[in-house]
Amino acid sequence: LHSFPTRRSSDLILAGLGLIYTVMGGLSKWRAYSLGRAEIADLKEYFIMATVFVVFLVLMVTYATKVFE
């Protein structure tokens with residue numbers, strides 16, 4: 001039972017890192033799009049993954065605040 005919040009904290013950190021990685025990849029792809037080397041459709045994967053990470057982070061933070069009350 002004591003390791004439960006610690007495990008969730010590490011999940012939250014990994015999700016945050018995943019979001020940062022996804023945003024950086026999206027910005028790189030946006031730069032390629034603005035230079036004419038990529039199409040706007042190439043950005044959809046980054047948008048979908050960033051949305052998934054944001055939802056996951058919100059759920060984890062909400063759950064963590066309930067656990068630590």
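Author: Let us begin with a term: contact means heavy atoms within 4.5 Å. This is a predicted model, in which local features need pLDDT of at least 70, side-chain atom pairs count only at pLDDT 80 or more, and totals for chains, interfaces and linings use all residues. Residues are numbered from 1 along each chain as its sequence is written, and side-chain values use heavy atoms, with hydrogens and water left out.

Reader: Leaving aside neighbours within four places in sequence, what is I40 in contact with?
Author: I40 is in contact with W30 and Y33.

Reader: And where does I40 lie?
Author: I40 lies in the loop between α1 and α2 (44–67). Helices here are DSSP runs of H or I with at least four residues, numbered from the N terminus.

Reader: How many aromatic pairs does the structure hold?
Author: The structure holds one. The ring centres of W30 and Y33 are 5.2 Å apart and their planes are at 45 degrees, so the pair is tilted. Rings of Phe, Tyr and Trp (its six-membered ring) pair if their centres lie within 6.5 Å; planes under 30 degrees apart are stacked, over 60 edge-to-face, and the rest tilted.

Reader: Changing topic, which residues of α2 are buried?
Author: They are A50, L57 and M60.

Key: Helix = DSSP H or I, 4+ residues; strand = E, 2+ residues; numbered from the N terminus. Buried < 20%, exposed > 50% of the residue type's maximum accessible area, 1.4 Å probe, protein only.
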